[in-house]
Amino acid sequence: MTEALLAALVFLPVLGACLLLLAPASWRAAILLVVTVPLPFCLLPLTVLIADAGLFEMALAGHPAPLGIRWRLDALSLLILWLNVSLMILVGLAASARFAPASVEGLRFWPLWLLLAAGIHALLLSADLFNLYVTLELVTLAGIGLIATGGSGAALRAAMRYLLLALMASLLYLLGVGLVYAEAGTLDLYQLGEALEPGLLSATALVLMLAGLLVKSAVFPLHAWLPAAHGNAPGPVSALLSAIVVKVSIYIIWRLWFWTAGDWQLPAPGLLLGLLGGGAILYGSALALVQKRLKMVVAYSTVAQLGYLMLIFPLSNLLAWQAAGYHLVAHGLAKAALFVAAGNILVSLGSDRLRRLAGLDQRLPMDVFTLALASVSLMGLPPSGGFVGKWLFLQAAYEQGAWGWMALIALGGLLAAAYLFRVLALTCFHPRSHGHSTRLREPPTLASLAGLLLALAAIGLGFASAPILGLLEAAWPGAMAP
Amino acid sequence: MMDQLMFWLPLVTVLVSAVAGIVIFVAGERHQRLRTWLNIAAALLKLLLVGLIGLLVMAGNVPEFRVALLPGLDLVLRADGLSLLFATLSALLWLVTTIYAIAYLEHSPNRARFFGFFSLCVTSTMGIAMAGNLLTFFIFYELLTLTTWPLVVHTGSAAAIASGRTYLRYTLTGSALFLIGLIWLYGLTGGQDFIAGGSLADLDLNQNWSLKIIFWLLVIGMGVKAALVPLHRWLPLAMVAPAPVSALLHAVAVVKAGAFGLVRLIEDVFGPSLVADLGLGLPLAVLASITIVYGSVLALYQDDIKKRLAFSTVSQVSYITLGVAIGGPVATIGGLIHLVHQGLMKITLFFCAGIFANFLGVKKIEQLDGIGRRLPWTSASFTVGALGMIGLPPISGFISKWYLGAGAVAVGQHWVIGVLVASTLLNAAYFLPLLKRIWLQPPPEQWPAEHRISRLESAAMVGSSITTATVAVAVGLLAGFPLSPLSWVTGIVTEYFP
């Protein structure tokens, strides 16, 4: 039964993608519903199972681990699965208003969308380094295809650049995987820990894999491809790319670091990764502050916010783990809301240049409200999911007497406030708020509503922390190793 | 049933205006009548609920709402004597200011946004009043920043945007330091509720240096909003906001929230005895004194009425800080009572300044000549407010100064008398010339910009200012009676100094 549910999470979207290509245009909306709606209902029993047992493993095709490929579901995977399914549904609502399933654009868009979902689900379940590579490629290629559906020259250039860098990154990762297999004779993420001795070869392998993954997750200073790609993709696509796609490769880094290399003592590399995160927070925020387009501000904000996810490496305790996990979820929801709202604004005005947004609160109140709510969470102001994340990070840093990290986190929040309030001031209170630009198409209510729901969820996370923190505590690998 | 009521009542009281605000946002610009009635109804309901809580508290109950935000970290809303004092003040002044603001903004654009944030701002103030621990206080304190910023930049002029930016720079930096102090404190002690006499005093931490640094971090966090020198610069700039906003900002919301936070910090977190042991009271009292004198001196140099009032606020709010920083029961009474008195007097002054500007276009001090003959009721209210600020008996300001002075002598801090005298002289120096112009100079032939104001609107605005002026006199005259703010404050302070 459980096996069937896990399989459904991956193969239902794949099946949907195939059917979309084959079926008549008028059926497509129904197909999309049929393959998306069951996903949360698959997750519900799995949540109950994980709450009881903590872990579920299955061998694909019945071959056990060293030879065969395993799937493994634990609390961390489950949490990110929930995030992804929520995003698929809510952002999907916004996207359905833009890419009507029966239209030609719809035919280009939705199969890629479903493949992306399938890839992310498979990645989160996979326990095998090579299988992770395959799923990560699937995610990347589907993402690149989705960026290109934007159709503009800038979107195509950004997609091409992303493609080249992502391929290079994949090669690095694959090289690392090859070295690991030569050394340890297994690729199972959770058995490698024992098979792989710390040494020059395994260190090289780890570095190669990390380097590839850091490029894919656009961690500073390897972020160069991200702003153009996320800033020029269609709104709902940017939402998914920023909210989840870049994070699944960070998820793999976490798995490698805390599970495979869990009992290696790596304080210096950990500090280095943390410093990269710090650089991301400062650099990303500074650049977000000078962007001229709304979506570019939001894209650079992603560069900055990803930095927080790297702080787990130097801080490395349960509180920091919970903080990073909470930040991942809260940022996912808030950033998706921001991109959906920014996408709506762009489509309505035909431009998202900040100077053109003056007086927007009168004309698109719901989207501006979404923008404001999501900003509150991103700045980490209470009450919001972002605040809980920031609070936990600060507490984790305090417990270790890490005053530098505390200052950095506080500064990061201030910088986020600076670039987001700049946007809000320009949209709502600009002196030239009566010089309306001529063109305005009301965005579909459904798209605005989807954005608002995402933003409300990000705020709501500030009140419902206990279950998520419980999941993260159950997932903390430090609890297993003494 | 009773338990349920005790649990939910504080939350409902806080959220009444938030619900009103959200409905106002959703209804949009067009539904003016709905907005007006909703505003007034919510304000009345809130006042009623605060009254109900007051009755319950007097009967010896402690209404408390508690929910866990994070494991071990609770959001607590509780009504004790001090919160009730601040809550009553905000609820009362919100009602008056709402009526005033409806009339004031009758013909201006973006009213839905204005009243929406106005209501949210009151929600935050009420949350600050009812906060039962420092985390809850912080959450509503941040919410207050967020909800007042749109009010400050409401007009959307370049000056408004610039001053809004300054406002955010100060408040958000302050809150970042506040947050670090908060984390540090929670790290040392775990989450402690506010307790009369301080929750830290009994812990015996032996962490004096940490506690000192935490204290100053938190003082900076609160001091930004309370406009302690040198953190006051945003306040005069924020004067670009419409008059009702300035009134609310100065009398109940932002500045008061900072001062109220300092009271909570000293009385209910550290406790007066620990503050004295660590030697934290004196430096804070000196800082407050510098603010009092400096603010008054700068007020002298302003030729814009609202700017002069703003610097006067910088000076007057620090009386509250001074009172609790000196310590001792009498001075603490003086500080706490000024929380009420300054609110009443300052809101009156800002109401009048708004009327002068709105009716006649009078914004500068030299334009005030002879305005007493043109707008006698408003000018009379303004005079009451100004004389009260100077400390003339029987207006309430006198009582604050009396208790502050007596309290300082009681704990042997004689230098405070000098500060009070200097401040009184300076207050007289910057208010009396205004009164002279208003009443004794001949009116000009032409007012700067006369507007046609309907009778209803002018009645609402002038009526609001007369109401608050009357209350300011009444609480001074009737200070000796039970249920007056003074006896209420005395009751609170006896808990701190048993």
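# Exercises on a predicted two-chain model

In this predicted model, helix α3(A) is followed by A:G54, whose phi is positive, near 85 degrees.

## Exercise 1: a helix and its length

Compare the end-to-end reach of helix α3 of chain A with the expected span, and then do the same for helix α19 of chain B.

Solution. Turn next to α19(B), residues 455-477, whose 23 residues should span 33 Å by the rule of 1.5 Å a residue; the end C-alpha atoms lie 32 Å apart, which agrees.

## Exercise 2: the buried side of a helix

Find which residues of α19(B) are buried, and name elements that cover them.

## Exercise 3: two residues in their surroundings

Decide whether A:R98 is buried, partly exposed or exposed, and repeat the test for B:L52.

Solution. A:R98 lies in helix α4 (residues 75-98) of chain A. A residue counts as buried if 20 or more other C-beta atoms lie within 10 Å of its own; A:R98 has 22 within that distance and is therefore buried. Leaving aside neighbours within four places in sequence, A:R98 is in contact with A:P234, A:P236 and A:A447. A:P234 is 136 residues from A:R98 in sequence, while their C-alpha atoms are 9.1 Å apart in space.

B:L52 belongs to helix α2 (residues 32-58) of chain B. With 14 other C-beta atoms within 10 Å, B:L52 is partly exposed. B:L52 and B:T136 are 84 residues apart in sequence, and their C-alpha atoms are 22 Å apart.

## Exercise 4: the strands of chain B

Work out how strands β1 and β2 of chain B are joined, and what lies between them.

Solution. Chain B has 20 helices and two strands. Strand β1(B), residues 64-70, and strand β2(B), residues 73-78, run antiparallel and are joined by six bridges, with B:V67 standing opposite B:L75 in β2(B). The two strands form a hairpin with two residues between them, and B:G72 in the turn has a positive phi of about 85 degrees.

## Exercise 5: where the chains touch

Describe the side of chain A that touches chain B, beginning with the number of residues in contact.

Solution. First, 26 residues of chain A are in contact with 25 residues of chain B. Next, the elements that give two or more residues to this side of chain A are α18 (385-399), α19 (403-428) and α21 (465-475) of chain A, and the largest share, seven residues, comes from α19(A). Finally, by class, this side of chain A has 19 nonpolar, five polar and two charged residues. For the confidence of the prediction, the model scores ipTM 0.86 and pTM 0.90.

Notes
Residues are numbered from 1 along each chain as its sequence is written. Chains are lettered from A and ligands numbered from 1 in the order in which they are written. This is a predicted model: local features need pLDDT of at least 70, side-chain atom pairs count only at pLDDT 80 or more; totals for chains, interfaces and linings use all residues. Helices (H or I, at least four residues) and strands (E, at least two) are DSSP runs, numbered from the N terminus. Two residues are in contact if their C-beta atoms, placed from the backbone, lie within 7 Å. Ala, Val, Leu, Ile, Met, Phe, Trp, Tyr, Cys and Pro count as nonpolar, Asp, Glu, Lys and Arg as charged, and the others, Gly among them, as polar. The expected span of a helix is 1.5 Å times one less than its number of residues. Two strands pair if DSSP finds at least two bridges between them. A residue is buried if 20 or more other C-beta atoms lie within 10 Å of its own, exposed if 12 or fewer, and partly exposed in between; C-beta atoms are placed from the backbone.
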